[in-house]
Amino acid sequence: MRIVDPIGTSAASGKALAARPRSLEGVTIALLDNSKPNAGVLLERVGALLAARGGARAVRAWSKPGASTGAAPAVIEEIAAAARVALTAAAD
Amino acid sequence: MVLGTDEFIPLARAQVAARGLPGLPVVTVPHPIGGIPAGAVAAKAGPIVESVLRALTSDPAAASRDPGTPAGDVEAPDDLDRFQAWLQERGWGDGLPAIPPTRERVAAMLAGARRGPDDVVAILVPRLGRATVEAIAANAVMAGALPEHLPVVLAAVEAVADPSFNLQAVQTTTHPCSPLIIVNGPIARRLGMNAAGNVFGQGSRANAAIGRALRLTLQNVGGARPGKEDRATHGQPGKYAYCVAENEAASPWEPLSVERGFAEGDSTVTVCGSEGPHNINDHGSTTPEGIVTTVAGTAAIAGSNNIYLGGEPLIVLGPEHAATAASSGWSKQDFKRAVWDRARVPLARLAPENIERFAAIYPEGFRDKPPETPAPIARDWRDVMVIVAGGAGKHSVFIPTFGSTRSVTRRIAD
């Protein structure tokens, strides 16, 4: 039998990803803490190890107002202006 | 790029796909990050640094975007038993048998709506699914709903998509919340909804089918599949169906809809991001103060999200408790204020590490406070929600919420 698809279409639209730098030499790395417990600990440690290994210029951290709310658009713009690469976290 | 734990990979993937970035790299560490010593978390960084470095310095492979299921009809097995298995295999079922949403059945369902089938009622996260009237109708057919139930389901879908409801979090959190639908106004009686005995239990087709239709819509159109994007640690039985009518006839107070500015004759749905109901047994009290003492004593719990995230915990008074609570002329507002004043959790009952976490999220309530400080169950007494529902008996129930969610009320276009 034929049934009506119970899922329907998605409004998700494809976006282009920025080209990546060839190395982290002289690059500023942004960390966006998702405000889940210990996410900042993991991000900071990864940031520090990356800086040591890749020769990054700086590591800067931002955070979301809460685990279940998105980052403010102004924060996203600030990260885009300040850093060449960004790491964020998902999960508990 | 995104760092996650291996347990949360399906949610991270769904999220980057819905945001239009399916090629965004995701690197994982073994679950969990939270609730373990900081040193153990930091130790998880070393083994992934190479992968992170590679992800940050090489262009991601152009991932083909998931086109999703094209809108339209799908071929399904004719045999009803085989249909059930097929539905489950596709991840479109909830475990209970479902009615096949054939074109004929969906057309009959659509007769219950005052809107065109292609009207988009809401965009549902995390998938950013287009909840058209037709897609909702298909899920309502599967749930066993009748055409006259559809206006309630449509209003509920519109309500959960209100930004203040925070559907993204309600759909994907580890917390056991699910939208509780509260129906007010004349439509409840017309549909034969249960507002009385066993109101949260089985037995009423309207309660069951409307609740289940919303759940299937959220799972299928919204793309919150159990164990995948829906990360609930336990979930709760209300994730099959969670829908009640307020027992307005047995309430001494104005209904929820009127409290929220709707007219007496309006029919409304209110959705709350709720936990399951917890019973409040009080066979002894004959005064409002007695009822308040028992309700407040039950509501003041250490493990509730509302303690540190705020939000609107709900008290569902049984009609007999409500009559006692109103017996000396108390208004609903008097009752809410009295419960809020009494329902406090002394900080001494909270774990020190948990207080530290709460303090980071809500410093005004938890930073540098002496152990005897009483934490209220909501930020303000007006945030305590009260409705009357249920039948004969000396019971009420307490329903905490996810916290970072506000209840939303919508008029039903019937």
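**Interface, domains, helices and sheets**

Student: How many residues from chain A and chain B does the contact take?

Tutor: The contact takes 45 residues from chain A and 72 residues from chain B. Two residues count as being in contact if their C-beta atoms, placed from the backbone, lie within 7 Å.

Student: What kind of model is this?

Tutor: This is a predicted model, in which local features need pLDDT of at least 70 and side-chain atom pairs count only at pLDDT 80 or more, while totals for chains, interfaces and linings use all residues. Residues are numbered from 1 along each chain as its sequence is written, and chains are lettered from A and ligands numbered from 1 in the order in which they are written.

Student: Back to the contact: which element gives the most to the side of chain A that touches chain B?

Tutor: H1(A) does, with ten residues. Strand S1 (2-4), helix H1 (39-54) and strand S4 (85-89) of chain A each supply at least two residues of that side. Helices (H or I, at least four residues) and strands (E, at least two) are DSSP runs, numbered from the N terminus.

Student: How do the residues of that side divide?

Tutor: On the side of chain A that touches chain B, 24 are nonpolar, twelve polar and nine charged. Ala, Val, Leu, Ile, Met, Phe, Trp, Tyr, Cys and Pro count as nonpolar, Asp, Glu, Lys and Arg as charged, and the others, Gly among them, as polar.

Student: And S4(A), what does it join in chain B?

Tutor: S4(A) is joined by two bridges to strand S1 (residues 2-5) of chain B, and the two run parallel. Strands pair if DSSP finds at least two bridges between them. Leu3(B) in S1(B) is the bridge partner of Ala89(A).

Student: New topic. Into which domains is chain B divided?

Tutor: Chain B has domain 1 (2-57), domain 2 (80-174 + 201-241) and domain 3 (273-411); these bounds come from an automatic or database domain assignment.

Student: What separates the centres of domain 2 of chain B and domain 3 of chain B?

Tutor: The centres, taken over C-alpha atoms, are 30 Å apart. In the contact, 13 residues of domain 2 of chain B meet nine residues of domain 3 of chain B. On the domain 2 side, helix H7 (150-160) and helix H8 (167-172) of chain B each give two or more residues, and H7(B) gives the most, with three residues. That side of domain 2 of chain B divides into six nonpolar, five polar and two charged residues.

Student: On what does H7(B) pack?

Tutor: An open sheet of four strands in chain B has the order S7-S6-S8-S15, with mixed pairing. Strand S7 (243-245) and strand S15 (408-411) of chain B stand at its edges with a single partner strand each, so one side of each has no neighbour in the sheet. H7(B) packs on this sheet, touching strand S6 (178-184), S8 and S15 of chain B, and its direction makes about 50° with that of S8(B). Axes are lines fitted to C-alpha atoms, for helices over the stretch in contact, and angles run from 0 to 180 degrees between N-to-C directions.

Student: Do S8 and S15 of chain B pair in the parallel or the antiparallel sense?

Tutor: Strand S8 (residues 268-274) of chain B and S15(B) are antiparallel, over four bridges. Thr270(B) has Thr409(B) in S15(B) as its bridge partner.

Student: Which order has the sheet with S9 in chain B?

Tutor: The order is S9-S14-S10-S13 (chain B), an open sheet of four strands with mixed pairing. Its edge strands are strand S9 (278-281) and strand S13 (385-388) of chain B. The twist averages 25° from one strand to the next. Strand S10 (residues 314-317) of chain B runs parallel to S13(B), joined by four bridges, and Ile315(B) stands opposite Val386(B).

Student: Which helix lies across S9 and S10 of chain B?

Tutor: Helix H12 (residues 288-299) of chain B lies across S9, S10 and strand S14 (395-399) of chain B, running at about 150° to S9(B). H12(B) also packs with helix H15 (residues 332-342) of chain B at an angle of about 50°, with axes 8 Å apart. That makes H12(B) oblique to H15(B); angles under 35 degrees count as roughly parallel, over 145 as roughly antiparallel, 65 to 115 as roughly perpendicular and the rest as oblique.

Student: Where is the cis bond to Pro32(B)?

Tutor: The cis peptide bond joins His31(B) and Pro32(B), with omega about 0°. Pro32(B) lies in the loop between strand S2 (26-29) and helix H2 (38-42) of chain B.
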